[in-house]
Each structure stands twice: as structure tokens, then as C-alpha cells.
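Colleague: I have a few questions about this model, if you have a moment. Could we go through it together?

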Amino acid sequence: MADPSPEVKAVARYIRMSPYKVRRVLNQIRGRTYADALILLEFMPYAACEPVRKVLRSAVANAEHNNGLDPRNLVISKAYADQGPTLKRYRPRAQGRAYPIRKRTCHITIAVRPLEAKAETAP
């Protein structure tokens, strides 16, 4: 059976941040309303909050513009960070050796849906 509630998402790709660090932030906002998540992201002390906030605002703008949904009634249904390509660099070390540096990237995906739709699927 198809899900009748519209789920709108936004994706930010190739973010120069480790997916482990981004997931720590995404785990805090998953399942919260849009307003609660914005307040939480504003005051959390992690650098990953900025790209996550941008993706969240993009998802809500997509829902508002493309589907005509009210931002006050949106809840974060999905939030995850997949690993992107790793940039491989090398640092010089003692006695002519090279030390590998892995600069990780990630793809952040956030999906929002109306609050009423989540309440209907609970029973």
C-alpha cells in the first residue's frame, strides 16, 4: 500500500565533514518538529550543525514551495548521513616516509512530513 502522506526531502552532497560527526547531530533532531530542530541546531556546539541546518531549511522550503505544506506542522521523518568519496592526502614524516591523511566527505539527507500524517500511522 502506498503511503498517502507526502514526504519531502533535501540532499547535500560532498560535504567536507566526517559522516560520524554529522550522524551525532542527526540523531538528536530525528523525529522532532521543524521548530524544535532549528532551536536545537542553533545551540548545539558542533560544527556539523551548520550544514545540517542548511539541509533542513532546504527540505522545509521544498515542502512549502513544491507541496504547499505548512512549515509549522512538519516533523523530521528521516535524517541520515552516507559516506561520500574520501580525499587521500599525504603528510611527510621522519626518514622520508609518507603518512596518509584521509579527508572524509558525506552526503546528508533529511526528509520531512506533515505532523498529522505521522499521528495517523501510529495505530
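This is a predicted model: local features need pLDDT of at least 70, side-chain atom pairs count only at pLDDT 80 or more; totals for chains, interfaces and linings use all residues.

Colleague: Is Lys-78 buried, exposed or partly exposed?
Modeller: Lys-78 lies in strand S2, residues 74-83. Its relative accessible area is 42%. Buried means under 20% and exposed means over 50%, so Lys-78 counts as partly exposed.

Colleague: Which residue has a side chain joined to that of Lys-78 by a polar contact?
Modeller: Leaving out residues up to four places away in sequence, Lys-78 touches Glu-7, Thr-109, Ile-110 and Ala-111. A polar contact of 3.4 Å links the side chain of Lys-78 to that of Glu-7. The residue you want is Glu-7.

Colleague: How far apart in space are the C-alpha atoms of Lys-78 and Arg-30?
Modeller: In sequence, Lys-78 and Arg-30 are 48 residues apart. In space, their C-alpha to C-alpha distance is 6.5 Å.

Colleague: On to helix H2: within what arc do its buried residues fall, seen down the axis?
Modeller: In H2, residues 34-43, the buried residues are Tyr-34, Ala-37, Leu-38 and Leu-41. They line one face of the helix because, seen down its axis, they fall within an arc of 100 degrees.

Colleague: What span should the 19 residues of H3 have, and how far apart are its end C-alpha atoms?
Modeller: At 1.5 Å a residue, the 19 residues of H3 should span 27 Å. The distance between the end C-alpha atoms agrees with this, at 26 Å.

Colleague: Which element gives the largest share of the largest nonpolar core?
Modeller: That core has 31 residues, and Val-22, Leu-26, Val-52, Leu-56, Ile-108, Ile-110 and Val-112 are those with the most contacts inside it. Two or more residues come from each of S1, H1, H2, H3, S2 and S5. With seven residues, the largest share comes from H3.

Colleague: How many of the nine residues of S5 are buried?
Modeller: Cys-106, Ile-108, Ile-110, Val-112 and Pro-114 point one way from S5, while His-107, Thr-109, Ala-111 and Arg-113 point the other way, and all are buried. Strand S5 is joined to S1 by six bridges and to S2 by nine bridges, antiparallel in the pairing with S1 and also with S2. The number of buried residues in S5 is nine of nine.

Colleague: One last point: is Gln-95 buried or exposed?
Modeller: Gln-95 sits in the loop between strand S3 and strand S4. Its phi is positive, near 60 degrees, in a residue other than glycine. At a relative accessibility of 72%, which is above the cut-off of over 50%, Gln-95 is exposed.

Definitions and conventions
Residues are numbered from 1 along each chain as its sequence is written. Side-chain values use heavy atoms; hydrogens and water are left out. Helices (H or I, at least four residues) and strands (E, at least two) are DSSP runs, numbered from the N terminus. Buried means under 20% relative accessible area, exposed over 50%, partly exposed in between (1.4 Å probe, protein chains only). Contact means heavy atoms within 4.5 Å. A polar contact is a pair of N or O atoms within 3.5 Å; within protein, one must be able to donate a hydrogen and the other to accept it, and residues adjacent in sequence count only if both atoms are side-chain atoms. The arc is that of the directions from the helix axis to the C-beta atoms. The expected span of a helix is 1.5 Å times one less than its number of residues. A nonpolar core is a set of buried Ala, Val, Leu, Ile, Met, Phe, Trp, Tyr and Cys residues joined through side-chain atoms within 4.5 Å. Two strands pair if DSSP finds at least two bridges between them.
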